[in-house]
Amino acid sequence: MSSIDRSGTFTLGGRTVKRLGYGAMQLAGPGVFGPPKDHDAALAVLREAVAFGVNHIDTSDFYGPHVTNQIIREALHPYPDGLVIVTKIGARRGADKSWIPAFSSEELTQAAHDNRRNLGVDAIEVVNLRCMFDPHHPAEGSIEAPLSVLADLQRQGLVRHIGLSHVTPTQVAEGRRICKIVCVQNYYNVAHRDDDALIDELARDGIAYVPYFPLGGFNPLQSSSLDAVATRLGATPMQVALAWLLRRSPNILLIPGTSSVEHLRENLAAAECVLPDDAIKELNHVAGIVQA
Ligand SMILES: NC(=O)c1ccc[n+]([C@@H]2O[C@H](COP(=O)([O-])OP(=O)(O)OC[C@H]3O[C@@H](n4cnc5c(N)ncnc54)[C@H](OP(=O)(O)O)[C@@H]3O)[C@@H](O)[C@H]2O)c1
């Protein structure tokens, strides 16, 4: 048994994936723009992830743009059986590295084709609609028009399954009335727990919740509680942060990002880290949650 098998599995769309996966955003250049500093190192991270048994990779054609998907294709194509690549559409990049909403029917359709071509697949396994009403915080607004475009692309066979990203619970409910939603990808980690209720609701309905920034994103998590628990367990703070997410709910799928093989190995070894109840209690305080 590979160590990441200990993370368990979950059904994402039509496929079973291990709960510990990999997020490829960090493979583009600084500011998620342009080529990576070290192209060969980026290829090595992806190949190492798959060698370790990762079968769920998160990406988007707006990382780079195009760069991350092209690196995934170069590193891994022809893809091993069972590898699920999840992408997202709904934004494009400005020349100044900005993130610009791209929600029109033409832009969404173009983005789906770009993802498919750059990844080198006939159909994309899962596509998340990344909402951009406010690029920094989920903000209310109907998603009916853009999601209907994605549902059409699914009917045409370009997209197998649909997810949502950067959304409010109201938008998740609206989305579920329009088409089958297999995953929700929002900002969540041990210190940022706005989606606690949403995670529980999705778990009841068998829908995956995929936290982005599981390690804190561009400013990795720093917490004396993470440090203390890690020291007690002989683990690292990042492993404890990931182990906490694995323990939080069975529908949580992890996609920690890294550009380093060393960090990748450390993160995947989090599957071996079992948190006792007193550690969970201590870690709940990181987000100011006090449980009886
Ligand atoms: N839907 C969305 O809107 C959205 C937004 C953001 C991200 N995402 C997805 O979520 C994935 C994960 O997010 P993320 O990569 O931004 O954030 P993350 O996984 O929370 O953290 C990545 C950061 O932590 C560092 N890091 C990783 N492992 C480490 C370790 N063991 N020790 C110390 N530092 C470590 C990385 O630097 P190194 O490269 O030096 O390891 C990088 O700076 C992305 O890859 C992307 O696929 C989605």
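The sections below treat the sheet, one of its residues, the nonpolar core, the ligand shell and some backbone features.

The model is predicted: local features require pLDDT of at least 70 and side-chain atom pairs count only at pLDDT 80 or more, whereas totals for chains, interfaces and linings use all residues. Residues are numbered from 1 along each chain as its sequence is written.

Seven strands form an open sheet in the order 3-4-5-8-9-10-11, and their pairing is parallel. Strand 3 (22-23) and strand 11 (208-209) are the edge strands, each pairing on one side only. Helices (H or I, at least four residues) and strands (E, at least two) are DSSP runs numbered from the N terminus, and two strands pair if DSSP finds at least two bridges between them. In general, strands of a sheet pair through backbone hydrogen bonds, either parallel or antiparallel.

Strand 8 (residues 124-130) is mostly covered, seven of its seven residues being buried. A residue is buried if 20 or more other C-beta atoms lie within 10 Å of its own, exposed if 12 or fewer, and partly exposed in between, with C-beta atoms placed from the backbone. Strand 8 is joined to strand 5 (residues 84-89) by four bridges, in parallel; within this pairing, T87 stands opposite V127. Six bridges join strand 8 to strand 9 (residues 159-165), also in parallel, and here R130 has S165 as its bridge partner. Strand 9 in turn pairs with strand 10 (residues 181-185) in the parallel sense over four bridges, with L164 opposite V184.

Strand 8, helix 4 (residues 144-155) and strand 9 make a right-handed β-α-β unit. Right-handed means that, with the strands pointing away from the viewer, the path from the first strand over the helix to the second runs clockwise.

**Residue R160**

R160 lies in strand 9. R160 counts as partly exposed because it has 17 C-beta neighbours inside 10 Å. Leaving aside neighbours within four places in sequence, R160 is in contact (C-beta atoms, placed from the backbone, within 7 Å) with G13, G14, A123, I124, E125 and V126. R160 and G14 are 146 residues apart in sequence, yet their C-alpha atoms are 8.6 Å apart in space.

**The core and the ligand shell**

The largest nonpolar core has 87 residues, of which L12, V184, A208, V240, A241 and L253 touch the most other members. Helix 8 (residues 237-248) supplies the largest share of this core, eight residues. Such a core is a set of buried Ala, Val, Leu, Ile, Met, Phe, Trp, Tyr and Cys residues joined through C-beta atoms within 7 Å.

The ligand is surrounded by 28 residues, the closest being G23, M25, L215, G257 and T258; a residue is near a molecule if its C-beta atom, placed from the backbone, lies within 6 Å of it. Helix 9 (residues 261-268) gives the most to this shell, with three residues.

**Backbone features**

| Cis peptide bond | Omega |
|---|---|
| G64 to P65 | near -15° |
| H77 to P78 | about 0° |

P65 lies in the loop between strand 4 (56-58) and helix 2 (67-76), and P78 in the loop between helix 2 and strand 5.

V32, a residue other than glycine, has a positive phi near 55°. V32 counts as buried because it has 21 C-beta neighbours inside 10 Å.

Conventions. Contact = placed C-beta atoms within 7 Å.
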